[in-house]
Amino acid sequence: MMKEKMIVLTEAFVKDKLKDESSGHDWYHIYRVKKLALNIAEKEGADSFVCVMAALLHDIADEKIAGTEEEGLREVRNWLESIFVEEPYIKHILSIISSMSFKGGSGAEMESIEGKVVQDADRLDAIGAIGIGRTFAYSGAKGQLMYDPEIPVRETMTKEQYRNEKSTAINHFYEKLLKLKHGMNTPYAKKLANDRHAFLENFLEQFFEEWEGRK
Ligand code: ADP
Ligand code: NI
């Protein structure tokens, strides 16, 4: 099977699986991460097939979607085998997906350039205008306030606290979003992250001015 065909089939597979997702991992998150990964891969000389496939499949093994990561990874392997992706590609794609997620701060180092590219693309989608939109959408879906001055920003937290404790959209900027810029792997993604980071800071500045009725 041609690689283009594998990509088209995988897009349809993922689109179908994520069609009812409201946890911030809807199909258009995948769409954007795929576009970004391709863009970064070209600049950084990474294998675009591996980047696109890993970007498309990166959230299928997420605990929020798959139940357990192990089940999710098995499902991804079954899918890749069913469309005759070659074994070395399967191994590479699975290894990227299994080390992807942020999980409260303890992200593993990516080994391959393709892994670095896809991780950068996923992190970029959490900042900038899109990142702000996703954060407020996620907070609303979770029943959190957009901001509550009485809920302190958590300096450190376990994975369970990150997932389950009540917080606010604005606190999430300080607990995660403003840290993402420092974790970028590739030079091109760093450049994009700097712009998106500045956009977050401008947003926060305006937000607090308006909060106090000064603007
Ligand atoms: P990841 O794909 O990095 O695992 P998450 O599942 O943590 O991302 O989050 C999905 C989206 O929801 C992201 O845009 C993230 O910033 C946002 N989000 C995650 N946790 C919170 C939270 N506690 N409050 C507000 N937004 C959140
Ligand atoms: Ni993602």
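Biologist: How many salt bridges does the structure hold?
Modeller: This predicted model holds 11 salt bridges.

Biologist: What makes Glu-11 and Lys-34 a salt bridge?
Modeller: Their closest N and O atoms are 2.5 Å apart. The cut-off is 4 Å between a Lys or Arg side-chain nitrogen and an Asp or Glu carboxyl oxygen, so the pair qualifies.

Biologist: Which parts does that pair tie together?
Modeller: Glu-11 belongs to helix H1 (residues 3–17) and Lys-34 to helix H2, so parts 23 residues apart in sequence are tied together.

Biologist: Why is Lys-34 called buried?
Modeller: Its relative accessible area is 15%. Buried means under 20%, so Lys-34 is buried.

Biologist: What joins Lys-17 and Glu-75?
Modeller: A salt bridge, at 2.7 Å from N to O. Lys-17 lies in helix H1 and Glu-75 in helix H5 (residues 69–82), so this pair ties together parts 58 residues apart in sequence.

Biologist: Why does Lys-17 count as partly exposed?
Modeller: Lys-17 has a relative accessible area of 34%.

Biologist: How are Glu-81 and Arg-77 placed in helix H5?
Modeller: They are four residues apart, which separates them by about one helical turn. Their closest N and O atoms are 2.8 Å apart, in a salt bridge. Arg-77 and Glu-81 are also linked with Glu-87 and Lys-91 in a network of salt bridges.

Biologist: What makes His-172 a polar contact of ligand 1?
Modeller: An N or O atom in the His-172 side chain is 2.8 Å from an oxygen atom of ligand 1. The limit is 3.5 Å, so the pair counts. A polar side-chain atom of Lys-176 lies 3.1 Å from a ligand 1 oxygen, and one of Arg-134 lies 3.4 Å from a ligand 1 oxygen.

Biologist: How much of ligand 1 does the protein bury?
Modeller: Ligand 1 alone exposes 550 Å², and the protein buries 96% of that. Helix H8 gives the largest share of the shell, four residues.

Note on methods. Residues numbered from 1 in each chain as written. Chains lettered and ligands numbered in written order. Predicted model: local features only at pLDDT ≥ 70, side-chain atom pairs only at ≥ 80, totals over all residues. Heavy atoms only, no water. Polar contact = N/O pair within 3.5 Å; in protein donor to acceptor, adjacent residues only side chain to side chain. Areas by Shrake-Rupley, 256 points an atom, 1.4 Å probe, with all protein chains shown as cover. Helix = DSSP H or I, 4+ residues; strand = E, 2+ residues; numbered from the N terminus. Buried < 20%, exposed > 50% of the residue type's maximum accessible area, 1.4 Å probe, protein only.
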